[in-house]
Every structure is written in structure tokens, then in C-alpha cells.
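Subject: Structure handover

Hello,

Here is the structure for you to look through. My notes on what was found follow below it.

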Amino acid sequence: MGKRSALLAAALVLLVATVSCYEDERERWEGEGEGGGREGRKGDDWFLLQDTKHVIRTDAGDMTVVRGGGGRSAVVRPPPMHIGFITMEPKSLFIPQYLDSTLILFVRTGEAKVGYIYKDELVERTLKTGDIYRIEAGSTFYLVNTAEGQRLHCICSIDTSDSLGLNTFESFFVAGGTYPASILSGFDHLTLSTAFNVSEAELGELLTRQKNGPIVYLSESDPESPSMWSRFVDMDHHQKLTHMRRIVHINTQDLKDDEEQPIWSFRKLLTSFFGRKRGEKKGQSTGKGPNAYNLYDRKPDFSNNYGSSIALDESDYEPLKYDDFGIYLVNLTAGSMMAPHINPRATEYGIVLRGSGTIQIVYPNGTLAMNAKVTEGEVFWIPRYFPFCQIASRTGPFEFFGFTTSARNNRPQFLVGANSLLQTMRGPEVAAAFGVSEDRLNEIIDAQRETTILPSATVAPPDDVVGRGEVGKVIRNVGSEMVMGFD
């Protein structure tokens, strides 16, 4: 009897605790569901990402990172990704480095050349507006703005799965000087000079001249431009090799293709980094690495009079499978709506590229979690399974781009429209669940003849309307010219 009483008491305690937790969660949903409740409460800013950090800022460019969302679970585990914004002035270079996070780059505007080490070889790719490209964590890379008189603007996902957790990500600069410091500088100089087979004085020249930051100008007309970087892009193959021989005393025997070499070495890295095979033209893509994928060259997966959408998964661009990320792009005409739907496989991160609109998100208990206006440059996230929709402002088109946490076909499930779940499941069971007759149910769900992207001028907000709770206003800094600079 004693054991039974103890078990019953333990069960009652567990039941009370479970009910209490549920009630707390229900009260939280109800208290924050109608557009945010009191300003500043924890749930208000769950879906609008506002934790912004300037990680790089020089005269030649900058990089800003918006930390990914994760709600209360972020205390236990980090969000799957952060969102980065890179701006580079014309003829500038993001100096060689590797990261503890994988980047998926999207070229919003401009032209670029990316070079990185792929399977121990230098791969160079020319990127244009709309291109997607992946740089693996641990792969040394550089990025050059090759356009004449045009800024380069890139948006990137930053995978947190391999991150050291010290910051949003860690940069390890292979090249550098006094600012930023090269990772080579951390070794004992006698050890390093021996490894390079140069004098300590020559080594000091290599490791102290750069002082202009991680993003530097390449133009000779810029008095602050380091001479090493100003000549970097325009060197031909022979000049690059001569330059490197002068720095690290590489002899001809070291460069023979048939000589067995270590898988990785400082010399191999620097030789491949500065060298180019004979016959290759300036700006030409080189190396046997993956190619870029252009979103704007792709035919929309869905299109009608009210907008279009593209979803990119691993079957379209194979490198996405390594990080299990997807990519999407949506264009809505003025006043149109992406029908209410859910993502059954992925959390979604979005960046507003153009225009303005509102985003509505619903809690699992059927209360409104957020109804917020977003404008150009702002970042939001949608948790997996949460119902949501996007509505374009009546004043113009609404374009947004983003990443999802699954490289598989997400297969969004639409709740309203001619292709909705209700259409597929219609019958007496669904009618009984709503408490209406089957005929009445059919009348209601058949009223909308469009699918996926719907006309919605009556509910689309004018440009000066903000959703309940005005939670959209808290991240205006993310849309500043400094971050996105779409001018």
C-alpha cells in the first residue's frame, strides 16, 4: 500500500506540474498572441530579428551580422543560422581568411570574384547579381569587388553548427598584418622563419605591412592602399610566381607537378593562392570546384498575375545538401498575398529585398503571434510548423529572399486557396470539425479560385500602417544603407 501511495503521489505531482506548464504556456500565447501584448516582453520580438552586430567596418567596406532566432530554445542550443550582410566598395578585397562557419553567399547587387581552396587547389569563380555560392567552413577564401564604380552587396547565411560559439562566427585571417593580424603571427617567429625558409626580417616585412583592416582597396589611386594588395588582382601568372618566390624563396623544384608534396602546407597554400596557370585570362573562372547558381536566371516554380516564387533545394544546387539549407525568393505584386501556409520540414529565415508588407504568424493554439509591417532590409524568421502568410503593401511590389533549414523539397502546406488542405480533405469529417454543414463548407472553401498567391487588396496595408503591437519598428537599423545599401 505504501508503494502504491507513493506512486500515486508522484503521478499527481507530475500531473500538476504538466498542467501548470501548459497553463503558463497558454497564458503566454494568449497574452502575446494579439500582436505582441506589452512592448518589451520576451515573445514580442521572437520573429523579427534585431540582435545586430557590426563585425567589420573599414573605408573599403563592412559586414553586419543579424543573429538568428530560436526563441527560448536558443538558451539551450544556438539557432541554426545567422544572417550576414557584406558591402564592399568598388575595387576592394575581402582579404584571405577561413571561418568556423559555412557561408552561402547571395549576390544582391554588383559583380565579384571569389577564390578559395577546394580539395587543395585554388578555385576562382566570377559571380554576378543573383548568383548563389557556397564556401565551406575551414576553406580559405577571398572576395573581390570587380565592378567598375558599383558597390557589391551580398547576403549570406552563416551556419552555426560548427561554430566555436565565442561570437556569431570566428574569422581566421591567413593574410594580414598589424590589422587584422594574420594567424601566422601567433607562431614563434624563429619557428615560422624556419618553416618559410626566410630570415626573420623578411618574415617581419610580410606580417607587419597590412594595417587597413579585413576589407581593403585595390586601387593604386588610393594612397592608403597597401602595394601588395593593389597589384594582387592584376598580376599575371608569371608575375605572381615571381612575387611569391621573392617572399618565400620557393625554388623551381618546389613547383614541379610530378613532385610528391604534402596534402597541405603554407607554401602550397600561398603558391596556389597567388598562382594562375598559363593561358588563363583575368576574371575567368578557374579550378575544378562547384559553379554558382543564379536565382534570377531560373524560371519561377510558381507564377500567376499576383506574383511568383522560387524554391531552391539540393536537387537544383547540390552544395546545399552539405549544410542542409534551402533558398527561396518570392515576389508579390502590390496588394497580393502569399496564402496562409505551414512549412512541415523547415524553419524559414527571410530578408526584405524591396518594398514593404506585413507578416502574420499564428501560435499553435490558434492565437495571433505577430502582425507586423516589414520594410527593405529587415530580417524575420518563421518557426517550423507555425502557420503564417505575407501580404504586400498596396503601394508597390514586395520582394523577399531567404534561407530554410532543409535542403529537401519543403512542400509547404497551404491552408487556404484552390490547392489547400481543406480542398483535399473536404468531406463530412471536416465539416463536422468546423460545426457546419458539408454544403456550407464547400461554399466557403470554393469561393477562392486562386492558388498559392492570392489577390488581397482589401486587407493589404497602406504604406503607413503598422501591425498591432508595432513590433516591426524595432529593427529599422537592419534596413539602413550601411547594412544593405541598395542604392
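Arg134 comes first. Arg134 sits in strand S8 (residues 131-135); helices here are DSSP runs of H or I with at least four residues, strands are runs of E with at least two, and both are numbered from the N terminus. Arg134 counts as buried because its relative accessibility is 12%; buried means under 20% relative accessible area, exposed over 50%, and partly exposed in between, with a 1.4 Å probe and protein chains only. The side chain of Arg134 has a polar contact with the side chain of Asp323 at 2.5 Å, and also reaches the backbone oxygen of Pro319 at 3.5 Å. (A polar contact is a pair of N or O atoms within 3.5 Å; within protein, one must be able to donate a hydrogen and the other to accept it, and residues adjacent in sequence count only if both atoms are side-chain atoms.) Leaving aside neighbours within four places in sequence, Arg134 is in contact (heavy atoms within 4.5 Å) with Thr102, Leu103, Ile104, Tyr116, Tyr317, Pro319, Tyr322 and Asp323.

On the source: this is a predicted model, in which local features need pLDDT of at least 70 and side-chain atom pairs count only at pLDDT 80 or more, while totals for chains, interfaces and linings use all residues. Residues are numbered from 1 along each chain as its sequence is written, and side-chain values use heavy atoms, with hydrogens and water left out.

For the protein as a whole, there are 9 helices and 25 strands. Of the 487 residues, 49% are buried. Among contacts with a separation of 6 or more, 74% are between residues 24 or more positions apart. Leu48 lies in the loop between helix H1 (2-33) and strand S1 (52-58), and at 0% relative accessibility Leu48 counts as buried.

Next, helix H2 (residues 189-196). Its buried residues are Leu192, Ser193 and Phe196. They fall within an arc of 100° seen down the axis of H2, so they line one face of the helix; the arc is that of the directions from the helix axis to the C-beta atoms. Exposed Leu190 and Thr194 are on the face of H2 turned away from the buried side. At the start of H2, a side-chain oxygen of Asp188 comes to within 3.1 Å of the backbone nitrogen of Leu190. Just after H2, Asn197 has a positive phi of about 65°.

H2 packs with helix H3 (residues 200-208) at an angle of about 95°, their axes 9 Å apart. (Axes are lines fitted to C-alpha atoms, for helices over the stretch in contact, and angles run from 0 to 180 degrees between N-to-C directions.) The two helices are therefore roughly perpendicular, the term for 65 to 115 degrees. H2 contributes His189, Leu190, Leu192, Ser193 and Phe196 to the contact, and H3 contributes Glu200, Leu203 and Leu207.

In H3, Leu203, Gly204 and Leu207 are buried. They cover an arc of only 100° around the axis, which puts them on the same side of H3. H2 is included in what covers them.

Regards

Methods
Parallel < 35°, antiparallel > 145°, perpendicular 65-115°, else oblique.
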